[in-house]
Amino acid sequence: SEWGAVAYLSQSIYGKYGNSNYTGANKEVYINNCMYTGRSGGGPSKSYSPNGACTYDSKTSGTSSSYIPALCGEGASTTGNITGVYDMSGGAEEYVMGYLEGINGDLPWGSTSSYNHAGFTEETKPESKYYDKYMSTTPAQACNEGTCYGHALSETIGWYNDPSNFISSSYPWCSRGGFSMGDGSISGVFAFRRNRGDYPDYTYGFRIILVSI
């Protein structure tokens, strides 16, 4: 749900969509098309590049042979400026705390297979406030048999042609954003897919959210 909130804000008057420095297709958050954090391909749909074209604060690519318009680095943030959230499109695909439990608790933690519970059991699973409980393999019915409003799942399917592949009993964890090497230009802030719980790989990551009270 935190991912969904930031994804929605990127397409609001408070995000990149409302930033007058970008027009047309460039309203979409640019892809990080390499494996280094804070990089940008200089556009929303760029193929994989080992180093990326722009750093997070660069204005142009710096070379005449691969010139990219102004704001090529900032365009990969959710606000279109240096203070936005980076790496939500491409870079490394990110695990989020969304887990399929099933209707009436018929898919408890650790029940599907030894590699899907990510080290948790019914006794050691996080408190409910720390994860999103999905109860169906259909996004439109995943939250108490209804739409998970605000999660940027069923209601945003197809936005910017981002791929959607929701969780299943064999792959009960949700990941977001897509990754630069395998997904390339189809990565995006509205992309999501299912995953196993024990899939350590350099193309996957996660981020920690700190809340100041």
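This tour moves from a lysine to a set of aromatic rings. The model is predicted, so local features need pLDDT of at least 70 and side-chain atom pairs count only at pLDDT 80 or more, while totals for chains, interfaces and linings use all residues. Residues are numbered from 1 along each chain as its sequence is written, and side-chain values use heavy atoms, with hydrogens and water left out.

Select Lys16 to begin, in the loop between α1 (2-10) and β1 (93-100); helices (H or I, at least four residues) and strands (E, at least two) are DSSP runs, numbered from the N terminus. Lys16 is buried (under 20% relative accessible area, with a 1.4 Å probe and protein chains only). Its side chain reaches the backbone oxygen of Asn26 at 3.0 Å and that of Glu28 at 2.8 Å.

Next, turn to the aromatic pairs, of which the whole structure holds nine (ring centres of Phe, Tyr or Trp, the last by its six-membered ring, within 6.5 Å; planes under 30 degrees apart are stacked, over 60 edge-to-face and the rest tilted). Select Tyr99 and Trp173, a tilted pair with 4.8 Å centre to centre and 55° between the planes. Because Tyr99 lies in strand β1 and Trp173 in strand β4 (residues 173-176), this pair ties together parts that are 74 residues apart in sequence.

Finally, select Tyr8, Trp159 and Phe190, which form one aromatic cluster.

Notes: Buried means under 20% relative accessible area, exposed over 50%, partly exposed in between (1.4 Å probe, protein chains only). Lys and Arg count as positive and Asp and Glu as negative; His and the chain ends are not counted. A salt bridge is a side-chain nitrogen of Lys or Arg within 4 Å of a carboxyl oxygen of Asp or Glu. A polar contact is a pair of N or O atoms within 3.5 Å; within protein, one must be able to donate a hydrogen and the other to accept it, and residues adjacent in sequence count only if both atoms are side-chain atoms.
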